[in-house]
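Reader: I am new to this and would like to learn how to read a protein structure. Could you take me through it feature by feature?

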Amino acid sequence: MTQCIEDYALIGDLQTAALVGRDGSIDWLCLPRFDSGACFASLLGDDENGHWRIAPTGAGNCTRRSYVGDSLVLESVWETPTGTVKITDFMPQRDTAPDIMRIIEGVSGEVAMSGTLRLRFDYGSVVPWMRRADGHRVAVAGPDSVWLRSEPEVKTWGHHFSTCSSFTVSEGEKVAFVLTWHPSHDPRPALTDPHEALESSLADWEEWSARCRYRGPYREAVIRSLITLKALTFGPTGGIVAAPTTSLPEEIGGVRNWDYRFCWLRDSTLTLGALLACGYLDEAADWRDWLLRAVAGSPGDLQIMYGLSGERRLPETELGWLRGHRGSAPVRTGNGAVDQVQLDVYGEVIDSLHLARTSGLVNKPHAWNVQLSLLGFLETRWREPDEGLWEVRGPRRHFVHSKVMAWVAADRAVRTLEDEPRARGDVERWRRMRDEVHQEVCDKGFDPVRNTFTQSYGSKELDAATLLIPQVGFLPPDDPRVIGTVDAVREELSHDGLVRRYSTGGPAVDGLPGSEGTFLVCSFWLADALRLTGRVAEAECLFEKLLALRNDVGLLAEEYDPAAGRQLGNFPQAFSHIGLVNTALALARAQGAPEEDAG
């Protein structure tokens with residue numbers, strides 16, 4: 001049964017993640033890291049590219065499913081003519097080796113169960129050699145080894161290069177499967193008790209979720225988004241991936257399919273703000289520290305994205321043996337946009353470090369020197385065209401958002417030096433830069449006839465990123481140019497009340513054929529802009545419309561197709577969930593609702 005993007009739920013262990021369909025099939029899993037090759041890749045191909053399904057024999061999608069409380073432990077329930085069964089899927093935070101654990105429990109009656117494990121390493125291309133050892137099924141291919149065991153042991157057999165199983169569960173009975181990966185040259189890791197691991201996982205998530213200070217409206221949606229952001233965090237380094245998937249399409253059947261298993265600088269300030277506002281200071285500090293390590297070096301070499309540990313080389317490759325999700329090819333790994341020039345990232349990094357400095361995080365002595373170095377380089381380059389925030393693969397332009405973020409960089413330096421006069425730096429120099437950028441953007445990036453800022457100097461196209469102009473402080477919310485821009489974006493980029501990033505009127509705009517869905521974070525930005533311009537009721541209405549787009553377990557992809565009623569793009573998407581959190585908190589402030597615990 002083909003699953004849509006929104007049919008998946010996420011489980012993970014803070015180093016990688018898996019997608020579990022409504023039908024009980026794990027169709028995507030990269031081991032041992034988010035950016036490793038997938039051993040289950042049917043999400044981007046078919047069953048022959050790897051999956052692991054356990055479900056009642058002959059059954060389709062589950063009857064219902066949900067996470068257990070504020071956790072990343074998934075429960076799926078099937079009600080069948082002979083009884084009811086529950087499958088609990090989770091990945092415990094690892095000591096050394098990653099585990100996927102699946103506990104099948106009889107709820108009522110008696111239910112016959114079937115399982116198929118089809119391991120295909122290297123994105124569905126490598127069939128492993130299978131053998132039995134100590135009552136386990138062992139798969140080996142090159143550097144990868146996977147062990148499968150069950151408690152109690154159930155009957156398994158090989159069929160068409162897959163491991164099949166069948167068993168029956170009655171009320172109160174439990175069968176647990178544990179799949180463990182390790183490097184093939186190492187010995188098998190120590191066994192972990194799945195039932196104890198479940199208790200520990202639930203306790204870990206309960207403790208983490210209880211640290212959230214936010215107690216305002218929409219708390220359920222906020223905490224689920226924060227759990228998702230935590231799940232997308234690579235624990236060893238603090239880097240946060242944009243999504244755990246690659247090549248989920250922005251248009252079904254189209255070519256706009258990209259690898260998002262990396263860490264983008266464009267998300268940095270909004271991510272940091274969400275973590276700080278909700279009381280997750282450790283995670284905010286880890287993200288800030290990752291950022292400082294990643295950008296270290298010559299300011300001219302600053303990239304728009306990095307690997308989980310700050311890796312710089314992310315070469316883009318097409319995987320021709322995968323047909324793509326619902327026929328959307330090509331499937332890509334790596335991301336060629338890493339080599340683009342995007343001047344907005346200098347402002348993003350400086351703004352993030354300024355936010356960290358003013359929000360009470362323990363200061364890093366070298367952070368200010370990093371900001372000065374980046375700003376000194378930007379001072380010489382901000383007048384040049386770039387590829388812009390959205391990584392267009394067309395010609396470079398003078399993108400308005402990039403120039404606004406150059407203003408942000410200079411403004412945050414001025415603010416720092418005004419607050420701390422003894423800090424190193426020439427405040428008048430940065431004031432002059434700030435004023436020059438501001439004047440040029442207002443002169444060249446604003447269309448007085450239409451009363452709106454445009455996507456780039458002299459263009460007629462609009463850009464949803466200009467909705468951020470009042471949020472970053474470039475102009476006040478009551479400035480007529482801001483109100484005009486909000487209204488123009490709402491009018492020209494809206495589809496059923498949701499916002500597209502920009503017009504995709506052909507390859508001349510972004511260098512790519514086809515189109516894409518509405519961009520969810522841009523729709524959250526519109527809600528923010530409506531609130532800032534005094535239209536709080538309209539902002540609340542839009543926010544609640546966006547909440548209704550989440551799937552049954554509260555997850556959002558990058559985009560949404562209003563015509564088809566489907567989520568699009570990589571899933572779940574950090575940027576979308578960051579937008580949700582920040583908009584919810586801003587609306588709570590506008591409503592005068594208490595946002596956090598009194599203590």
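This is a predicted model: local features need pLDDT of at least 70, side-chain atom pairs count only at pLDDT 80 or more; totals for chains, interfaces and linings use all residues.

Reader: Let's begin with helices. How many residues does helix H10 have, and what span should they give?

Author: The expected span is 1.5 Å times one less than the number of residues. Helix H10 covers residues 480-492, which is 13 residues, so it should span 18 Å; its end C-alpha atoms are 18 Å apart, in agreement.

Reader: Which residues of H10 are buried?

Author: An α-helix has 3.6 residues a turn, so residues three or four places apart point the same way. In H10, the buried residues are Val482, Gly484, Thr485, Val486, Ala488 and Val489. Their cover includes strands E23 (452-453), E24 (494-495) and E25 (498-499), along with helix H12 (520-532).

Reader: What happens at the start of H10?

Author: There, a side-chain oxygen of Asp479 comes to within 2.8 Å of the backbone nitrogen of Arg481.

Reader: What should I look for in the backbone angles?

Author: Most residues other than glycine have a negative phi, and most peptide bonds are trans. Asp122 has a positive phi near 55 degrees, though it is not a glycine. Asp122 sits in helix H1 (residues 121-124) and counts as partly exposed, because its relative accessibility is 41%. Asp496 also has a phi near 55 degrees, and this residue belongs to the loop between E24 and E25.

Reader: Where are the cis peptide bonds that join Leu31 to Pro32 and Ala329 to Pro330?

Author: For the bond between Leu31 and Pro32, omega is about 5 degrees. Pro32 lies in the loop between strand E3 (25-30) and strand E4 (38-40). For the bond from Ala329 to Pro330, omega is near 5 degrees, and Pro330 is in the loop between strand E20 (317-318) and strand E21 (332-333).

Reader: On to the rings. How many aromatic pairs does the structure hold?

Author: A pair of aromatic rings is described by the distance of the centres and the angle of the planes. The structure holds 15 aromatic pairs. One of them is Phe167 with Phe177, a tilted pair at 5.7 Å centre to centre with 45 degrees between the planes. Phe167 is in strand E14 (residues 162-170) and Phe177 in strand E15 (residues 174-183), so this pair ties together parts that are 10 residues apart in sequence. Both Phe167 and Phe177 are buried.

Reader: Why is the pair of Phe446 and Phe453 called edge-to-face?

Author: Planes over 60 degrees apart count as edge-to-face. The planes of Phe446 and Phe453 are at 65 degrees, with ring centres 5.1 Å apart, so the pair falls in that class. Phe446 is buried at 16% relative accessible area, and Phe453 is buried at 0%. Elsewhere, ring pairs link Trp390, Phe519, Trp525 and Phe575 into a cluster.

Reader: How do I study one residue? Take Trp147: is it buried or exposed?

Author: Trp147, in strand E12 (residues 144-151), counts as buried because its relative accessibility is 11%. Trp147 and His182 are 35 residues apart in sequence, yet their C-alpha atoms are 8.5 Å apart in space. Their side chains are joined by a polar contact of 2.8 Å. Trp147 also touches other residues, among them Arg131, Val138, Leu179 and Arg188.

Reader: And what is the nearest side chain of opposite charge to Arg531?

Author: It is Asp528, 4.6 Å away. A salt bridge needs the charged atoms within 4 Å, and Arg531, although buried, has none. Arg531 lies in helix H12, and leaving aside neighbours within four places in sequence, it is in contact with Val536, Ala539, Ala586, Leu587 and Ala590.

Key: Residues are numbered from 1 along each chain as its sequence is written. Side-chain values use heavy atoms; hydrogens and water are left out. Helices (H or I, at least four residues) and strands (E, at least two) are DSSP runs, numbered from the N terminus. Buried means under 20% relative accessible area, exposed over 50%, partly exposed in between (1.4 Å probe, protein chains only). Contact means heavy atoms within 4.5 Å. A polar contact is a pair of N or O atoms within 3.5 Å; within protein, one must be able to donate a hydrogen and the other to accept it, and residues adjacent in sequence count only if both atoms are side-chain atoms. Lys and Arg count as positive and Asp and Glu as negative; His and the chain ends are not counted. Rings of Phe, Tyr and Trp (its six-membered ring) pair if their centres lie within 6.5 Å; planes under 30 degrees apart count as stacked, over 60 as edge-to-face and the rest as tilted.
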